[in-house]
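Work through the following exercises with the sequence and the coordinates at hand. Each task is followed by a solution in steps.

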Amino acid sequence: MESDRLLTRAEDGRPGDDGSGSARCRGNSQGSRRMSCCAAGDWCRLDGDTGQRGYGVGDRIADKEVLRIQQAVVFIEDAIHYRSINHRVDTSSLHLYRWYYSRICQWILGTIIAVVLLLAFVERPSSLSISSDPHHRSVSWEPPCGATECVEMLCLFVFCLDLAVKSYLIGWEEFRKTKWLISYTIVISISVIDWVLSLSMACDEKLRVRRLVRPFFLLQNSSLMKKTLKCIKRTLPEIASVILLLALHLCLFTMIGMLLFAKNEDPKKNGEWELHFRDMTTSLTSLLVLLTTANNPDVMMPAYSINRGYSIFFITFSVIGTYCLMNLLTAIIYNQFRGYLLMSVQTSIIRRRLGIRAAFHVLSCDRAQAEAQEFVSVDSVLQVMSEVNMKSYYKSAITVAVQEFTERDYMDHQQFRRIFDELDKDCIKEHPPLPQYTSATLQKLQVVFSHYYITVLGNLVALGNVMCICTILVLNSEKSTAERDNYVLEVINLCFIIFYLFEMSVKIFAFGWKGYLSYRSNIFDGFLTIMLLVLQIAIFITYNFPHSQWDPSFHGVMSLWEMVRLVNMLIVFRFLRIIPDIKLMALVASTLLDLVKNLRAFAGVLVVVYYVFAVFGIWLFEGAIKPPTGMSVLTMENITSNLSTACGTYEQLGYWPNNFDDFAAAIILLYDVMIVNNWQAFMEAYSRYTSEWSKVYFVCWWLTSSVMWVNLFVALILENFIYKWDRSHSCSVTDVERIQYETSVQFLFKEQIQEPTEEELVCQLHQHPHLHLDC
């Protein structure tokens, strides 16, 4: 159902207009489907229109009308969600289709996918222990054999059902052309076979192959994640060219380094050779780590201490590699990925236009057979809109646009398409009108309390509150919690909380409840104010009213210090209320929120990459590093220098919790390597405990995560921020707060998207496998 075929241009079979009103389409060059060529008024036989014996003419006409309404509803819902329309369109299939894409079914499917991925934390080796450090780690609880397997089999059954429904809805012909569904079948088969083998071995198998393919279930359920993966695949050649240039740069300087720092007859001058340039592998590793700046300036200190001229070698290497080639890689990823993502977004827009055009055709069939030009009834469109599941404000806007044609009673395909342009527009959040007061005094107070300066005053008070907290924290930084006098801080907090309650009350008075809650900043302030009030009442109940002889010892559930600390943490969070009132800060904050909301596909692909590398890491390195046994923690700290004479090694830094002994620990270790700070310590340790080939694993992870994915994420942040900046450049501070940004990946590229022509849409409709738009 996720076919990504773009509309072909003229040289590939673009439809044309021969002047007779018929859309002519060239046949598929591969002969996979014959495209019908006919006048608009002749191709209106739909699935389900064949008729049934025992029905009268009126019954058949009524059934056809109901079917066309249902088809139009589904096509419009496909357009809203950028889904392919190449699915069955008979009555029973449409009911099944809408049920499958209902919110509850998709939520259940998403939950099942999350459950099957989370099984890795429970399965052997289990991550159910407080610490991953071998010195502190207790014996992890592991479920009995068959427990997780039963849960997994239930998940696999749901996936089989999901595959069966998808395959039925698109039909066998479309199924054979959809690589994702074929891969889905293979992955489920592998998982079931491996599950059977696991039970036959009493859950004592060394490798669980199905663990490695579980992330596929996450990928196949998201069309945007598929597009992202496809774009990454197409961008790889450009990335590979720069990586090849980096490899040449690395090899060249490795050979130069080995010539510069060859073994000397004087042992005092062999520091650089002994630590970093002893052989080819060590030299490559040292310079590769220097490329990430993780071992700078440690790598050059032995040579630099002898002759300061050696610094030129390391500085030249870093300038060319780190500051030129690595930043060039970021620029290439930004440019290429944006272009390929634009192509995928173009496909999504075509799907939307095609869904709307298909809805128009099924609604206009009866009238199109009687007239030369296609029209749809306004009543039919209103009936369709009443049944479509979509956001309320879009439905209201489209319904209002349709009602403008009530006097004419019909609309053509261009008018029909234009009413759905509302889906591409921004949603402007309008605040409710202010409440009306009859008293002149109340009206004046309402004007005063609704003024913008009340918000400014609240921000200044919040700033003063934070400054008071900082001052007291500095004065009490050397005191223990038992020695601190919490009386003064509590009195200060009480005064500020009273002001916050006053501010919330007057704003509710001025704007009304609905108006107050229509501002996200007010919701944030109000929630924290209520939390502060609840905590303050709890303090009064526990310790009575403030007095200088308050006993800071433990009473009830929490001590006084813990309660006051929680109050101050909430107050510090409340200071974030200034963000919407500073335009640039509001812009940055909204960019971050949009990244969280709308770039989930990129985060999903990163989860898949983490999952796969973590599984491989456990297979390769589980239990590889074992600390000496029979020693306490204190003893280990005292003898670390005896384990390794080199400073900065895995043992000397105490990196024992970072290992591949369970899934959770593997995820954290991979994150530490992605940050690249001291990542050479992990690579060096595992190469000592296993083999030199282990470096290949860490270098591959560094290339995948830090080089490619971090640069990709930076590129997307730049794209999002530049778009926001251009869009809000003429907005005031209040406009930034008033506009509810609904940025999506599709919306980012709306200026570059080319709209499909009418002939292209008609040709695509002729290719529909189930509508049978025959001449």
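Helices here are DSSP runs of H or I with at least four residues, numbered from the N terminus. By that numbering, Val 608 is placed in helix 22. The model is predicted.

**Exercise 1. Val 608 and Phe 217**

Task: Determine whether Val 608 is buried or exposed, and find how far apart Val 608 and Phe 217 are in space, C-alpha to C-alpha.

Solution. 
Step 1. Buried means under 20% relative accessible area. Val 608 has 11% relative accessibility, so Val 608 counts as buried.
Step 2. In sequence, Val 608 and Phe 217 are 391 residues apart, while their C-alpha atoms are 9.8 Å apart.
Step 3. List the contacts of Val 608, leaving aside neighbours within four places in sequence: Pro 215, Leu 218, Leu 219 and Met 225.

**Exercise 2. The nonpolar cores**

Task: Identify which residues touch the most other members of the largest nonpolar core, and which helix supplies the largest share of this core.

Solution. 
Step 1. The largest nonpolar core has 96 residues, and those touching the most other members are Phe 159, Phe 217, Phe 660, Trp 679 and Phe 698.
Step 2. Helix 22 (residues 600-621) supplies the largest share of this core, 13 residues.
Step 3. Another core lies apart from it, with 36 residues including Ile 398, Phe 405, Ile 419 and Leu 423.

**Exercise 3. Helix 25**

Task: Explain why helix 25 is described as largely enclosed by the rest of the structure.

Solution. 
Step 1. Collect the buried residues of helix 25: Trp 679, Gln 680, Ala 681, Phe 682, Met 683, Ala 685, Tyr 686 and Ser 687.
Step 2. Helix 25 spans residues 679-689, and eight of its eleven residues are buried, so helix 25 is largely enclosed by the rest of the structure.

**Exercise 4. A nonpolar surface patch**

Task: Name the residues of the nonpolar surface patch of about 430 Å², and state which helix gives the most to the patch.

Solution. 
Step 1. The patch is made by Leu 252, Met 255, Ile 256, Leu 260 and Met 280.
Step 2. Helix 8 (residues 223-260) gives the most, with four residues.
Step 3. Take Leu 260, which is in helix 8. Its relative accessibility is 39%, so Leu 260 counts as partly exposed.

**Exercise 5. Backbone geometry in loops**

Solution. 
Step 1. Pro 297 is in the loop between helix 10 (280-291) and helix 11 (301-304).
Step 2. Tyr 82 is not a glycine, yet has a positive phi of about 55°.

Methods:
Residues are numbered from 1 along each chain as its sequence is written. This is a predicted model: local features need pLDDT of at least 70, side-chain atom pairs count only at pLDDT 80 or more; totals for chains, interfaces and linings use all residues. Side-chain values use heavy atoms; hydrogens and water are left out. Buried means under 20% relative accessible area, exposed over 50%, partly exposed in between (1.4 Å probe, protein chains only). Helices (H or I, at least four residues) and strands (E, at least two) are DSSP runs, numbered from the N terminus. Patches are made of residues with over 30% relative accessible area and no salt bridge: like charges are joined within 9 Å, nonpolar side chains (Val, Leu, Ile, Met, Phe, Trp, Tyr) within 5 Å. Accessible areas come from the Shrake-Rupley method with a 1.4 Å probe; for residues, only the protein chains shown count as cover. A salt bridge is a side-chain nitrogen of Lys or Arg within 4 Å of a carboxyl oxygen of Asp or Glu. A nonpolar core is a set of buried Ala, Val, Leu, Ile, Met, Phe, Trp, Tyr and Cys residues joined through side-chain atoms within 4.5 Å. Contact means heavy atoms within 4.5 Å.
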